[in-house]
Amino acid sequence: RPAPQGIPVKCRITRDKKGMDRGMYPTYFLHMERDDGKKVFLLAGRKRKKSTTSNYLISTDATDLSRGGESFVGKLRANLVGTKFSIFDNGVNPRKGGVMSDGSNIREELGGIIYDTNVLGFKGPRKMTVVLPGMGLDQQRVPVRPRLESETILERHRNRQLENLVELHNKTPVWNDDTQSYVLNFHGRVTQASVKNFQIVHDSDVDYIIMQFGRVAEDVFTMDYNYPMCAVQAFAIALSSFDGKLACE
C-alpha cells in the first residue's frame with residue numbers, strides 16, 4: 001500500500017549485528033515512528049546465505065526470515081556485481097513453475113535500483129536511479145509481472161520502454177565548504193554525515209522528497225517515504241544501500 005498522499009511516513013531502521021554470523025549477515029528492522037513517539041514494527045530484512053548474488057528476504061515477522069515462511073512479503077536481488085537490484089513481492093517466480101493458468105500468482109516486480117559507478121573516486125556522492133511501477137487512476141500500483149527477462153523493470157528501463165514506469169533519482173548533494181563534505185537538507189531527521197545518506201526525487205519536482213534515508217547513530221538510520229512509495233519498496237531501497245560493493249561506494 002502506498003503512503004497516503006501528502007503525509008510522509010517516518011520510519012527508523014536498526015541494524016542488529018549481534019550473534020554468530022550477524023557481522024556478515026545482520027538483521028535490519030523497520031519501525032514506523034508515530035507522532036506520540038511510539039514505534040510500530042513493520043518489516044525485517046536479512047541477507048540470505050549461500051546465494052550467488054546479494055539476496056535479501058523481507059518479512060513481517062522479525063523471528064521468521066525464511067523464504068517459505070508465512071510472513072515472507074518480498075525480496076531484493078542484486079546482479080553479480082552488485083550495482084543493480086530488483087525488488088519482488090512474495091509471488092511465484094515464473095521460471096520455477098507453479099504458475100496458475102491465469103498467471104495471477106506470478107510475482108509482482110515492485111521496482112529496480114541502479115547505482116552508477118562513482119566517477120568522482122570514492123569520496124563523492126553515489127548516483128542512484130530508482131524505477132517504480134506507475135500509479136493508476138485509483139492511486140494503486142500498475143502491476144508489473146514479468147515472465148521474461150525483457151519484461152523486467154531494469155530491462156525495460158535500459159531499453160527506455162518506460163510506459164507505466166516512474167523514473168526517480170537521488171537528489172544531488174551540494175558541496176559545503178564549512179564541513180568539507182557533500183550535504184543534503186534532511187530537516188533534522190539525519191544527524192550523521194555519511195556518503196550513504198540520500199534523498200530520492202522526481203526530476204520534475206526535486207523539492208518533493210519521495211524517500212530519504214540517513215544515519216543517526218552507528219546502527220540506527222531514519223527512513224521516511226512519501227506517495228507513491230510503499231514500505232516494502234522503501235525498505236528494499238534502503239537495504240540495497242547497505243549492500244556495499246566497491247563498484248558503487
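Buried means under 20% relative accessible area, exposed over 50% and partly exposed in between, with a 1.4 Å probe and protein chains only. This is a predicted model, in which local features need pLDDT of at least 70, side-chain atom pairs count only at pLDDT 80 or more, and totals for chains, interfaces and linings use all residues. Residues are numbered from 1 along each chain as its sequence is written, and side-chain values use heavy atoms, without hydrogens and water.

Q: What percentage of the residues in the protein chain is buried?
A: The protein chain has 249 residues. Of these, the buried share is 48%.

Q: Which residue of strand 14 is the bridge partner of Cys-11?
A: Strand 1 (residues 9–16) and strand 14 (residues 220–225) run antiparallel and are joined by six bridges. In strand 14, Cys-11 has as its bridge partner Met-223.

Q: How far apart are the end C-alpha atoms of helix 2?
A: Helices are DSSP runs of H or I with at least four residues. The expected span is 1.5 Å times one less than the number of residues, so the 12 residues of helix 2 should span 16 Å. The computed distance agrees with this, at 17 Å.

Methods
Pairing = 2+ DSSP bridges. Helix = DSSP H or I, 4+ residues; strand = E, 2+ residues; numbered from the N terminus.
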